[in-house]
Amino acid sequence: MKKYLLFLLLCTGEYAFAQQLAPLTVEKIMRDPKWMGVSPTNFRWTADSKTLYFNWNPENKAKEELFKISAAATKPAKAAEKEEEKLLSLNYTYNNDRSLGLIEKSGDIYLQNFKNNKETRLTSTQERENSPVFLTNGNIVYQLGDNLFEVDLKSAEIKQLTNFVKGKKAGRPETKQLTEQDNWLKAQQTELFDIIKKRNAETRGGARGGRGRSGATSADSKPLKELYTEDKFLNGVTISPDGHFITYKLTTPAQNNHSTVVPNYITSSGYTEDIPGRTKVGENENISQGFIYDTQKDSVYTIQTATIPGIKDLPDYLKDYPKELDTLKKKNADRPVNFFGPLWNDNGSTAIVVATSTDNKDRWILKLDASTGKFSLIDRQRDEAWIGGPGISGFYQGNTGWIDNNRFYYQSEATGYSHLYVANIATGDKKQLTSGKWEVQSVQLSKDRSTFYLKTNKEHPGITNFFKISVNGGELVQITTMKGLNDITLSPDEKYIAINYSFMDKPGELYLQPNKVGAKAEKITQSTSAEFNSYKWRQPDMVSFKNRYGADVYARVYKSDNPHSNHPAVVFVHGAGYLQNVHFGWSTYFREFMFNNLLADNGYTVIDIDYTGSSGYGRDHRTGIYRHMGGKDLTDQVDGVKFLVEKYGANPQHVGLYGGSYGGFITLMAMFNQSDVFASGAALRSVTDWAHYNHGYTSNILNEPYNDPIAYKRSSPIYFADKLKGNLLMAHGMVDVNVHFQDIVRISQRFIELGKNNWELAVYPVEDHGFIEPSSWTDEYKRIFKLYENTLKK
């Protein structure tokens, strides 16, 4: 009857409704995503705040096009290609009263006068000038090559400020010890010849040698001090606003590391070609040292890490290794640190440095005494797991900056959630501006420096909105109100906001709203296709449950309107570990969203869990996997199944799971260590041994293999392969430069040696970590669906 009704509808032209009746298939949902419609992206305002440009493809063309809309309009229009380049709000560096701006364009420096709207090109060379800044005297400094140059805007004189020299300073030649005979001959030469007497006198007086040290520009110029970089890399060259101090870092490259290679088999040449890969966790890291050049004293000194409070503190995990701990205590060495900055206030009186320890346990906000290279503490955040959270990353300076010459803002997880703080450097007072069991996810200081604009999840962990708060603290005022995810692009004059808004079943669309409380957001774009809209996509139940440790865990549940008689259930495990997928917005896992709908259509109940380690829920949830990946993050999946059994009637004997990357890792751990819970699993692009993953991600969570082998052995699936009982599908791209194909090869060999039979491996010769080809996506998910149909319904 249903097929007959579908035929009639197609014959009468009621195509949209017919499509709604037509079942989802893997082939449909894994096509090129353009079939769904293409959301707008890359929002950017013009400098005058009158026009917003963005990329969009509403007509499903081969590539997206440039569109624009005025702040007061409601309908976008196509723009000429590159039309916006001369109009866009550029990332200028301003002088104190913001009347002048500096910017680099294509390797040259330009000066913009905002009063008369005149642009002046300051350099025109084949080399690249960059990083222009204003000094407090009105002059300009930029970097050319390794060195800094100062431009006097009044006289147009250009002065070189630094003279970095590659290599080492040549030492004085060794003086050969003269014999008595040598001394006699030397004295005789001086006695007999006037020319020898003259040259000896010139050498003692310094008359010979031409211009002297390199770097002098004229006879009456003081020669520049040679700053030798030896065999190190120079970076981070920064000048104080008053020109007094120049700071820089010299980095010693890591030695004796082994870089990996990824073989590429499907090539145009017909030969296997190697793709250069990354190093593995635990390899040696670059070592940097900071220096300060005092231009007035013409002297250089080292930044003193020994003055950082707690620089010798050792992490708690070393208590599991008493011999190593005892050795390190006796050594009593300063821990290596990474520096970000210095960040100078406007008048150049104070510099702040953000420092993080390379063992990932400390983050310091430090005041730098540039005249001595010593530090004094503004704030220290210590975490025996690892430093992280929104605005606090250990890989950059985080959300930090000056409000005025005395007040500095930053984020910290001191309360367990990432919040905004202001420190008065003059008085030493610190003030917490936001608080609560929610996170500040982004921070922007207003042009007049009176207000912070924030994106937070204050209302619900899965809802983000735009707020403002005074830099002095007080009421947190909500500006946007739409339930879902709201990503904001603020106009330069701060009068309008462009909102990329999405909901669970609605991909991102552009909305415009005045930057006012209570203002209405107007929808500008409609991107989804008629075919996409014809299917009634589920808005999954947003639920939470208590895990076995008493913590709240949030999840999405996709209910089946017609459950199969076996009441099977599937757990989807998101990737990345530190990522949030249980929210009210459109998921970056849109293919999995559609696949979960397909599973529900076919009688499965699906749960998607923001397990321990996921983002959006504060410090304890973030670091709950420290030293044991596959611990709480895995038991959360098991507790989620228990929730499905109790609340949704799922059959505990017919449960499967799937996921990619970190989700693939959890799938393997589940199939090995929770085989009584999961009957089948699909592990995609999985990490099988954390000792073979990269350093930046893994060392945060598990330390290093040679320092903490306990953590790696209890966290790596390859050590538990002998426990496989259920039905396992593995899928991996052969040119994966993130989780290498070697990972899946190594665990396959373990299965072979263990005599395991109930596993299979699907390989994708042209795919990297994130698949590109629709044919690969289709093949992979057809296999997953077949696995569940054959194992969970029988």
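1. Start at strand S9, residues 129–134, which contains Ser 131. This is a predicted model. Ser 131 is not a glycine, yet its phi is positive, at about 55 degrees. That backbone angle deserves a look in the viewer.

2. Next, overall confidence. The protein has a mean pLDDT of 91. Residues at 70 or more make up 92% of it.

3. Now the hairpin. Strand S19 covers residues 287–294 and strand S20 covers residues 299–302. The two run antiparallel and are joined by four bridges. Asp 294 has Ser 299 of S20 as its bridge partner. Four residues separate the strands of this hairpin. In the turn, Asp 298 has a positive phi of about 55 degrees.

4. A cis peptide bond comes next. The bond joins Gly 341 and Pro 342, with omega about 10 degrees. Where does Pro 342 lie? Pro 342 is in strand S21, residues 337–344.

5. Helices H8 and H15. H8 spans residues 590–601 and H15 spans residues 774–791. Their axes come within 12 Å and cross at roughly 35 degrees. The crossing is right-handed. From H8, the contact uses Arg 591, Glu 592, Phe 595, Leu 598 and Leu 599. From H15, Trp 777, Tyr 781, Ile 784, Phe 785 and Tyr 788 meet them. By class, the contact of H8 with H15 has eight nonpolar residues, two charged and no polar ones.

6. Helices H10 and H11. H10 runs over residues 632–648, H11 over residues 662–673. The axes come within 10 Å and cross at roughly 70 degrees. Why is the pair described as roughly perpendicular? The crossing angle is roughly 70 degrees, and angles of 65 to 115 degrees count as roughly perpendicular, so H10 is roughly perpendicular to H11.

7. The contact between H10 and H11. H10 contributes Asp 633, Leu 634 and Gln 637. H11 contributes Tyr 662, Phe 665, Ile 666, Met 669, Ala 670 and Asn 673. Sorted by class, the contact of H10 with H11 has six nonpolar, two polar and one charged residues.

Conventions
Residues numbered from 1 in each chain as written. Predicted model: local features only at pLDDT ≥ 70, side-chain atom pairs only at ≥ 80, totals over all residues. Heavy atoms only, no water. Axes fitted to C-alpha atoms, helices over the stretch in contact; angles between N-to-C directions. Left-handed = near helix turned anticlockwise from the far one by under 90°. Contact = heavy atoms within 4.5 Å. Nonpolar A, V, L, I, M, F, W, Y, C, P; charged D, E, K, R; others polar. pLDDT = per-residue confidence, 0-100. Parallel < 35°, antiparallel > 145°, perpendicular 65-115°, else oblique. Pairing = 2+ DSSP bridges.
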